[in-house]
Amino acid sequence: MEEIWYTDLSDQELWSRLINGDEGALAFIYNTWFPSLYKYGMKLHADSSRIKDCIHDLFATLWHSRANLSVTDNIRFYLFASLKRNIIKHSRREGIFRLFGTLGTDNHSYMPSHEQKIIDDQSHDERKQKLSRVIDKLPKRQKEILYLRYYEGLSTEETAEIMSLSVNSTYVLLSKALNYLKNHSGELMVLIISWGDQHNSF
């Protein structure tokens, strides 16, 4: 019942409760965003245990330094940016930083009817595999911008800040990535754009 109550709060209200020492708010934020943070982290580093450690460190830091936190109205953006900084910090310390293996391996899919699923599975899997092969040829930064902008549904401004780019540079980089996909596999543009539509509600 309490968790349902948390779902009724805006990001700003939920974050304010965290700042004021509400452990339930911290737990709700963790449970809500851990899966998405883990998926993004695995695009930045291959070590699953390291990503989990970085996420746990992030939330431990949030709790212990909550009195110094600024109010935010976009928790997802704050967490993604913070996690990336944590991973880079740990990776530099280890001398390791590998960005993105492949895209298109997520399990976030809608649930069609059983009959429709049978009909669609093969062609959908083929499209995803083809898209993964095409995207895997992109430079690392272009892979990252596609993931943040279309898979996670972040705005151009949020993507720019996470990637430490100007907004103009973000548009240029995104345009290069999309042009590559269009030139090499135009029919797959529909699939990648649909990622953003499916995940904008995250």
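Me: How many residues does the largest nonpolar core have, and which of them have the most contacts inside it?

Reply: This is a predicted model, in which local features need pLDDT of at least 70 and side-chain atom pairs count only at pLDDT 80 or more, while totals for chains, interfaces and linings use all residues. Residues are numbered from 1 along each chain as its sequence is written, and side-chain values use heavy atoms, with hydrogens and water left out. The largest nonpolar core has 47 residues, and I29, F59, L79 and L146 are those with the most contacts inside it. A set is called a nonpolar core because its members are buried Ala, Val, Leu, Ile, Met, Phe, Trp, Tyr and Cys residues joined through side-chain atoms within 4.5 Å.

Me: Which element gives the largest share of this core?

Reply: The largest share, nine residues, comes from α3, where a helix is a DSSP run (H or I, at least four residues) numbered from the N terminus. Within the model, I29 is in contact (heavy atoms within 4.5 Å) with L14, W15, L18, F59, I75 and L79, leaving aside its neighbours within four places in sequence.

Me: Why is α3 called roughly antiparallel to α4?

Reply: The axes of α3 and α4, which are lines fitted to C-alpha atoms over the stretch in contact, with angles from 0 to 180 degrees between N-to-C directions, come within 10 Å and cross at roughly 150°. Angles over 145 degrees count as roughly antiparallel, under 35 as roughly parallel, 65 to 115 as roughly perpendicular and the rest as oblique, and therefore α3 is roughly antiparallel to α4. Residues making the contact include L26, I29 and F34 of α3 and I51, I55 and F59 of α4.

Me: What makes α3 roughly antiparallel to α7?

Reply: The axes of α3 and α7 come within 11 Å and cross at roughly 165°, so α3 is roughly antiparallel to α7 as well. The contact is made by K39, Y40, K43 and L44 of α3 and E144, Y147, L148 and Y151 of α7.

Me: How do you know whether I87 is buried or exposed?

Reply: Buried means under 20% relative accessible area, exposed over 50%, and partly exposed in between, with a 1.4 Å probe and protein chains only. I87 has a relative accessible area of 0%, and is therefore buried. The place of I87 is in helix α5, and I87 and R50, 37 residues apart in sequence, are 8.3 Å apart in space, C-alpha to C-alpha.

Definitions and conventions
Helix = DSSP H or I, 4+ residues; strand = E, 2+ residues; numbered from the N terminus.
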